[in-house]
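The sequence and structure come first.

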Amino acid sequence: MKPWDTYKSDLSIDLKKHHAPTTFLDKIAYWTVKSLRWPTDIFFQRRYGCRAMMLETVAAVPGMVGGALLHCKSLRRFEHSGGWIRTLLEEAENERMHLMTFMEVAKPKWYERALVFTVQGIFFNAYFVGYLISPKFAHRVVGYLEEEAIHSYTEFLKELDKGNIENVPAPAIAIDYWQLPANATLRDVVLVVRADEAHHRDVNHFASDIHYQGRELKEAPAPLGYH
């Protein structure tokens, strides 16, 4: 892994921040995400490794979709993006590394892989259309998805601390990517992944707020990226 492919999570980030839904679109976004949690809880229950794998296959989609659409918009208009294209694509890459890590941990079964294929296909197309219609709604959905991700990883940590999930050594890919110590464990990985999700939460709520103010993303510099 090359030095520029590594990343340090900000473990001091506020994990409890929540964007209270006030507008009609906010409330739709909030309850859309809440409704998606119900079937996930039923299917995966307390298998948090598999839950994380499913979560990350979905979470890696919005950044790529948003980045690609902003890229095309920048080309059409002959203008800069204020750093947002790179920010969103880095978000997608960061989420992809979460997936690569939890693939090593969860060892998904064939039917779980098939479910991932189906869910990702549906979500990619739905998010693509949603972003075309309303970027502010799309970013708000991701903000709330990340809030749910923080909750899921917090529950994951509780199960690890109780001993219900074995705190195995961290996969090599995680040690390299997050620059973790050689003796890092699964708990260390969950901590840095949860911090990443909090960063994505803040970025996407900020992006949605910009659109609510009637501005385009390029008019407000993107938050600091990952490197």
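## Burial and surface

In this predicted model, the protein chain has 227 residues, and 48% of them are buried. The accessible surface of the chain comes to about 11,800 Å². Carbon and sulfur atoms account for 62% of that area.

## Secondary structure and contacts

The chain has seven helices and zero strands. Read from the N terminus, the order of elements is α-α-α-α-α-α-α.

Contacts were also sorted by separation in sequence. Of those between residues at least 6 apart, 79% join residues at least 24 apart.

## Enclosed space

Rolling a probe the size of a water molecule over the atoms shows where empty space is left. How many cavities of 30 Å³ or more does a search of the whole structure find? The search finds one. The largest cavity has a volume of about 60 Å³.

## Lining of the cavity

Which residues line the largest cavity? They are L55, V58, A59, P62, V142, L145 and E146. By class, the lining has six nonpolar residues, no polar residues and one charged residue.

The greatest contribution is from α2, with four residues.

How values were computed
Residues are numbered from 1 along each chain as its sequence is written. This is a predicted model: local features need pLDDT of at least 70, side-chain atom pairs count only at pLDDT 80 or more; totals for chains, interfaces and linings use all residues. Side-chain values use heavy atoms; hydrogens and water are left out. On a 1 Å grid over the protein atoms alone, a cavity is a set of points where a 1.4 Å probe fits but cannot get out, and a pocket is an open set with protein on both sides within 12 Å along at least five of seven lines; lining residues have an atom within 4 Å of a point. Grid points are joined across faces, edges and corners, and a volume is the space filled by probe spheres set on the points. Helices (H or I, at least four residues) and strands (E, at least two) are DSSP runs, numbered from the N terminus. Ala, Val, Leu, Ile, Met, Phe, Trp, Tyr, Cys and Pro count as nonpolar, Asp, Glu, Lys and Arg as charged, and the others, Gly among them, as polar. Buried means under 20% relative accessible area, exposed over 50%, partly exposed in between (1.4 Å probe, protein chains only). Contact means heavy atoms within 4.5 Å. Accessible areas come from the Shrake-Rupley method with a 1.4 Å probe; for residues, only the protein chains shown count as cover.
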